[in-house]
Amino acid sequence: MAAPKGNKRVYLTWTDEMDAALLAVLVEHHNNGDHAQNGWKPHVYNAAIRNVREKCGVEITKDNIASRCKTFDKHYEIISKILSQSGFGWDWKNDKLLIDSDDVWNRYVEANKAAACYKTKVVKNWKAITTIYSKDHANGEGARTGAESAQVPAVEFEEATPDIPQKRQRTGEAILSMLGDMRTSFQDALKANEPLPMPQATPPAQILATLEEIPDLARSDLLRSYGKLILSERLVQALMELPMDMRKEWLLMLN
């Protein structure tokens, strides 16, 4: 990642303090509704630049922030997918994955090569990252798979010629049409036997982080709410849709 300075390129190394200063601003503005589908509103970048300058004495740019956000987004995408599987948890003290056994990890990485470097990787500020990026990934994964898999290459037929009788041409076209229908039916039968994708559940670590963000929520109310939410994905999604100032009252109504 680099920020232009005259004719030279100055490479920026992010520190833990800089990440914390940046994410503090992003979480605040995310909770205020300043995080749209196409990115952050302009004043958010200005606030983040100012906070990193005041807290860390480092000048950053909008491009630096956008690049760093891509890194956070990658962390969230990979780690949240891992945490949705059995055998994994999050070590809040050491900021890394908790893994039941090497066998569990090896089987997961065999099918998810991109996750290989996360076995011992330290990712700080996970609570802030989940707060910001959880909604962005709610419906984003695999959105176009069905449409793409349904596409079948078109078959072109030559026009009839005087050398071939029309009746024979119509018979040939009927046979080709029948073969096409058989091919489609066979493909549909194969798809019917494919295993259905497992529903993606919100990781418990993300549910806990969301509850801890709610102002003035008592510990006992937090734990009761946590016990209900981990059992119902629909309740989790309902909570996520509520504005921050309504979440506590709604949870207390559930309890």
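## A pair of strands

Two strands are said to pair if DSSP finds at least two bridges between them. In this predicted model, strand S5, which covers residues 88-91, and strand S6, which covers residues 96-99, pair in the antiparallel sense, and four bridges join them. Within this pairing, Gly89 stands opposite Leu98, a residue of S6.

S5 and S6 form a hairpin with four residues between the strands, and in this hairpin Asp95 takes a positive phi near 60 degrees.

Asp34 is found in the loop that lies between helix H1 (16-31) and strand S3 (35-36). Is Asp34 buried or exposed? Its relative accessibility is 10%, and because buried means under 20%, Asp34 counts as buried.

The side chain of Asp34 is joined to the side chain of His43 by a polar contact of 3.1 Å. When residues up to four places away in sequence are not counted, Asp34 touches His29, Gly39, Trp40, Lys41, His43 and Val44.

## The buried face of helix H9

Which residues of helix H9 are buried? In this helix, which runs over residues 219-229, the buried residues are Asp221, Leu222, Ser225 and Leu229. When H9 is seen down its axis, these buried residues fall within an arc of 100 degrees, so they line one face of the helix.

Key: Residues numbered from 1 in each chain as written. Predicted model: local features only at pLDDT ≥ 70, side-chain atom pairs only at ≥ 80, totals over all residues. Heavy atoms only, no water. Buried < 20%, exposed > 50% of the residue type's maximum accessible area, 1.4 Å probe, protein only. Helix = DSSP H or I, 4+ residues; strand = E, 2+ residues; numbered from the N terminus. Arc of directions from axis to C-beta. Polar contact = N/O pair within 3.5 Å; in protein donor to acceptor, adjacent residues only side chain to side chain. Contact = heavy atoms within 4.5 Å.
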